[in-house]
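Here is a friendly walk through one protein model, for a reader who likes to check each contact on screen. Please keep the viewer open as you read.

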Amino acid sequence: MKHNERWVRGFGSMIGLADPQTAELWAIYYGLKMAWEREMTSVVVFTERRDAIYLINNPDPAYPMAALIEMITMLKGEAWSHVDIQHIHADANVAANVLATDCLDGEGGLKEFAEPPHAIIHLI
């Protein structure tokens with residue numbers, strides 16, 4: 001969403017079996033990637049996972065998903081005017097959780113939503 005709370009684009013992805021931290025790291029990566037590809041110059045990513053923020057800000061080459069952290073770090077290093085990843089409480093992130101769990105068709109891959117899916121309209 002833009003700063004005026006207008007829907008820009010949403011997404012979900014079937015990544016297979018993953019722990020919540022890994023799923024959130026993939027969501028952060030895809031969100032940044034989509035924003036960069038759409039030539040957005042300023043982005044704030046909100047996540048419920050403080051541990052994901054810590055890992056991104058303090059990369060550990062021994063971490064099992066270090067390559068994903070590096071991809072996120074590289075995207076953050078692009079020529080944005082502003083990019084930030086901030087913590088948000090779970091109760092304020094309900095629409096993202098519904099996108100992640102209820103709006104996918106089970107076919108795998110990244111699914112983009114140009115318009116908000118019916119399941120989240122009342123949440124945004």
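What percentage of the 124 residues in the protein do buried residues make up? Buried residues make up 31% of them, where buried means under 20% relative accessible area, exposed means over 50%, and partly exposed lies in between (1.4 Å probe, protein chains only). Please note that this is a predicted model, in which local features need pLDDT of at least 70 and side-chain atom pairs count only at pLDDT 80 or more, while totals for chains, interfaces and linings use all residues. Residues are numbered from 1 along each chain as its sequence is written, and side-chain values use heavy atoms, with hydrogens and water left out.

**Overall layout**

The protein has four helices and four strands, taken as DSSP runs numbered from the N terminus (helices: H or I, at least four residues; strands: E, at least two). Along the sequence they follow the pattern β-α-β-α-α-β-α-β. Of the contacts between residues at least 6 apart in sequence, 73% join residues at least 24 apart; contact here means heavy atoms within 4.5 Å. The accessible surface comes to about 7800 Å², and carbon and sulfur atoms account for 54% of that, by the Shrake-Rupley method with a 1.4 Å probe.

**Helices α2 and α3**

Two packed helices are described by the angle between their axes and the distance between the axes. For α2 (residues 50-57) and α3 (residues 66-76), the angle is about 75° and the axes are 9 Å apart. The axes are lines fitted to C-alpha atoms, for helices over the stretch in contact, with angles running from 0 to 180 degrees between N-to-C directions. That makes α2 roughly perpendicular to α3, a label used for 65 to 115 degrees (under 35 is roughly parallel, over 145 roughly antiparallel, and the rest oblique). On the α2 side, the contact is made by Leu 55, Ile 56 and Asn 57, and on the α3 side by Ile 69, Ile 72, Thr 73 and Lys 76.

Each helix also has a buried side. In α2, the buried residues are Ala 52, Ile 53, Leu 55 and Ile 56. They cover an arc of only 165° around the axis, which puts them on the same side of α2; the arc is that of the directions from the helix axis to the C-beta atoms. Arg 50 and Tyr 54 are exposed on the other side of α2. The buried residues of α2 pack against α1, β2 (42-47), α3 and β3 (82-87).

In α3, Leu 68, Ile 69, Ile 72 and Leu 75 are buried. Seen down the axis of α3, they fall within an arc of 120°, so they line one face of the helix. Ala 67, Glu 70 and Met 74 are exposed on the other side of α3. The cover over the buried residues of α3 includes α1, α2 and β3.

| Residue | Relative accessibility | Class |
|---|---|---|
| Thr 22 | 8% | buried |
| Ile 85 | 10% | buried |
| Glu 39 | 68% | exposed |

Thr 22 sits in helix α1 (residues 20-37). Leaving out residues up to four places away in sequence, Thr 22 touches Tyr 63, Met 65 and Leu 68.

Ile 85 belongs to strand β3. Beyond its neighbours within four places in sequence, Ile 85 is in contact with Ile 28, Val 45, Thr 47, Ile 53, Ile 56, Ile 72 and Lys 76. Ile 85 and Thr 47 are 38 residues apart in sequence and 7.3 Å apart in space, C-alpha to C-alpha.

Glu 39 lies in the loop between α1 and β2. Glu 39 has a positive phi of about 60°, although it is not a glycine.
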